[in-house]
Amino acid sequence: MAQQDGRAVRAPLSRERVLRTAVELADEQGLDAVSMRRLAERLGVVPMALYKHVANKDQLLDGMVDLVVAGIAPPPADAGWKDALRARVLAAREAMLRHPWARRVLEAQAAPTPVLLAYTDATIAVLLRGGLSVDLVHHAMHALGSRAFGFTQELHQPGPGPAPAPSSAVAAQLAAAFPHVVAVATSRPHDAGSVVGAGCDDRFEFEFGLDLLLDGVERLHAAGWSSSADAG
């Protein structure tokens with residue numbers, strides 16, 4: 001707050017201030033802690049004052065994730081399409097790691113906001129400027145899916161904290177019942193806290209999948225692939 005004549009002067013309320021404060025609250029305490037009442041308390045205003053800037057909770061959440069996406073660093077202007085797209089996706093992943101609640105909001109949205117559409121448009125532009133056909137770009141964007149925004153939707157995600165290790169008897173039963181799953185899952189050390197399996201290196205697994213996709217798109221581009229020719 002600024003000081004004027006010995007009195008504290010509160011910064012004027014604005015949509016940006018409301019959204020940034022909501023982002024801070026979600027970063028500190030999680031998405032469930034974000035409510036109009038708690039946000040108003042943090043801003044030092046009555047809840048009704050917020051509705052001049054956000055019409056409802058859904059609009060608040062949309063605005064919060066818009067701030068996160070708008071802050072994703074653009075790729076180097078002189079990079080080729082493959083390096084540029086890789087850099088853009090990894091920058092998006094860093095943003096999702098800084099604001100882990102944003103993924104939940106994105107997954108729940110019924111339709112993209114103009115900010116999300118602008119991000120997608122800029123991502124597509126990277127590919128088109130690289131000379132890829134509209135047809136190939138269409139299918140590449142489908143293949144990227146949520147990875148374009150820096151995350152993947154994994155099945156059977158574990159809860160918070162490390163999962164308890166099974167007893168030796170249970171481990172033996174699992175190995176006998178599902179030998180191939182166990183062989184792959186135990187093929188390398190795992191760290192606690194991963195979202196891709198009990199301790200898989202999230203960054204490595206994310207980049208591994210991303211590079212597989214980009215290499216495949218590059219191969220199809222070099223071969224002059226089109227979906228119509230492939231279907232024929």
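This is a predicted model: local features need pLDDT of at least 70, side-chain atom pairs count only at pLDDT 80 or more; totals for chains, interfaces and linings use all residues.

Tutor: Y119 has a relative accessibility of 5% and counts as buried.

Student: Why is Y119 called buried?

Tutor: Buried means under 20% relative accessible area. Y119 is at 5%, so the label is buried.

Student: What makes F149 buried or exposed?

Tutor: The relative accessibility of F149 is 15%. That is under 20%, so F149 also counts as buried.

Student: Why is the pair of Y119 and F149 called tilted?

Tutor: Two rings pair if their centres lie within 6.5 Å. The centres of Y119 and F149 are 4.9 Å apart, so the two rings form a pair. Planes under 30 degrees apart count as stacked and over 60 as edge-to-face, with the rest tilted. The angle here is 35°, so the pair is tilted.

Student: Which parts does the pair of Y119 and F149 tie together?

Tutor: Y119 lies in helix α7, and F149 in the loop between α8 (134-144) and α9 (168-177), so the pair links parts that are 30 residues apart in sequence.

Student: Why is the pair of F204 and F208 called stacked?

Tutor: Their ring centres are 6.1 Å apart, within the 6.5 Å limit, and their planes are at 15°, which is under 30 degrees, so the pair is stacked. By this rule the count comes to 2 aromatic pairs.

Student: How do you know that F204 and F208 are separated by about one helical turn?

Tutor: Because they are 4 residues apart in helix α11 (residues 202-222).

Student: How do you know that the charged end of R147 sits over the ring of F206?

Tutor: One condition is a distance within 6 Å of the ring centre, and another is a position within 35 degrees of the ring normal. The charged end of R147 is 5.3 Å from the centre of the F206 ring, which meets the distance condition. R93 also lies over the face of F206, at 5.6 Å from the ring centre.

Student: Why is Q29 called partly exposed?

Tutor: Q29 has a relative accessibility of 41%, which falls between 20% and 50%, so the label is partly exposed. Q29 lies in helix α1 (residues 15-29). Leaving aside neighbours within four places in sequence, Q29 is in contact with R38 and R42.

Definitions and conventions
Residues are numbered from 1 along each chain as its sequence is written. Side-chain values use heavy atoms; hydrogens and water are left out. Rings of Phe, Tyr and Trp (its six-membered ring) pair if their centres lie within 6.5 Å; planes under 30 degrees apart count as stacked, over 60 as edge-to-face and the rest as tilted. Helices (H or I, at least four residues) and strands (E, at least two) are DSSP runs, numbered from the N terminus. Buried means under 20% relative accessible area, exposed over 50%, partly exposed in between (1.4 Å probe, protein chains only). Contact means heavy atoms within 4.5 Å.
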